[in-house]
Amino acid sequence: MSAETGIEKRFFFKRRTWILLLSLVLFLPPLSLLFQFTQDSSFCGSWCPRMFFVWRRGETAGTLLFGMARSYMGVALVLGAVASTFFLGRFWCSHVCPVGGVSELGSWLIPAAFKLRLDSVPAASVRYGYLAAYLLLPALGLGSLCCGYCNFATVPRLFGAPFSDADMAFFFRSAGVVNLGLLVGLGFLTKGGRGYCNLLCPVGALDALSSCFGERFGRRVRVDEECCSGCGRCRDECPVWAIDVDKKAGIDQLSCIPCGMCAKVCPEHAIGYGLKTKTAEERVPAVPSYALTGQNGKDLAA
């Protein structure tokens, strides 16, 4: 696959677990180091990454812009994630997001026998169906999903519960019970720990679109079909069921997060991280029509 392979030797892939743990320190109680710079304590407030891009029926442009200004750190976070993903792949989701990190790391503690496999779920259909509902329900005046089913609110409260009565009280309300159930069911008890990320996260859905649109221009986790044996080990290891195997493995960039787990188990070293390379057909220049014609005008291809 060229010198751009060797995922297991690259700094960000090799140290991914440590980066995830550092993210927990930066974003979650009791330290929440990044939030302290804006006098926040969680993703609710100026760091909210979910509400600012949702328009509610009857809302004026000024109100929408005020909401963006109020959540200015959330706006910066989402725009930064989407922009970096276009060129580098979904590193926010795989390496930095503390919500996905807690979900995945927690799943490592659960025995495989108790894990739910969601490989057969059409992730993209569910993800963008949910995103459509997330955007349309407020626009139609039918309610909002912004603060419901929100792991950006649940995970910090879960870590803050031992230190805050308000965070503890959240889990004694119906909304807290539902959100905790989603974290456990689509996180800790799911193979790979990324069920919520892959199905119900609107930020992840926007990030995945950026990954898909930028695939041709940016670096991604890719399969070298000439080396792939189609063994399927990468598919079994993928935490977001982004790999399909039909003689050769193929990676769906709408779901893939560059965790590198597939490359680590590939016996043929057929998976790497880099730019899109041209196929053999694309590398061979087209033969101009006049080259197929002799001096007497006779078709040489006949």
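Predicted model: local features only at pLDDT ≥ 70, side-chain atom pairs only at ≥ 80, totals over all residues.
1. The side chains of arginine 16 and glutamate 104 meet in a salt bridge, with an N to O distance of 2.7 Å. This pair links distant parts of the chain, since arginine 16 belongs to helix 2 and glutamate 104 to helix 6 (residues 98-107), 88 residues apart.

2. Glutamate 104 also meets the side chain of arginine 194 in a salt bridge, at 2.9 Å from N to O. Here again distant parts of the chain are linked: glutamate 104 lies in helix 6, whereas arginine 194 sits in the loop between helix 10 (174-188) and helix 11 (195-199), 90 residues away. Glutamate 104 counts as buried because its relative accessibility is 0%, and arginine 194 counts as buried because its value is 1%.

3. Another salt bridge is formed by the side chains of arginine 222 and glutamate 215, at 3.9 Å from N to O. Arginine 222, at 11% relative accessibility, counts as buried, while glutamate 215, at 26%, counts as partly exposed.

4. On the surface, Leu22, Val25, Leu31 and Leu33 form a nonpolar patch whose accessible area together is about 310 Å². One of these residues, leucine 22, lies in helix 2 (residues 16-27), and leucine 22 is partly exposed, with a relative accessible area of 49%.

Terms used:
Residues numbered from 1 in each chain as written. Heavy atoms only, no water. Patch = residues over 30% accessible without salt bridge, like charges linked within 9 Å, V, L, I, M, F, W, Y side chains within 5 Å. Areas by Shrake-Rupley, 256 points an atom, 1.4 Å probe, with all protein chains shown as cover. Salt bridge = Lys/Arg side-chain N within 4 Å of Asp/Glu carboxyl O. Helix = DSSP H or I, 4+ residues; strand = E, 2+ residues; numbered from the N terminus. Buried < 20%, exposed > 50% of the residue type's maximum accessible area, 1.4 Å probe, protein only.
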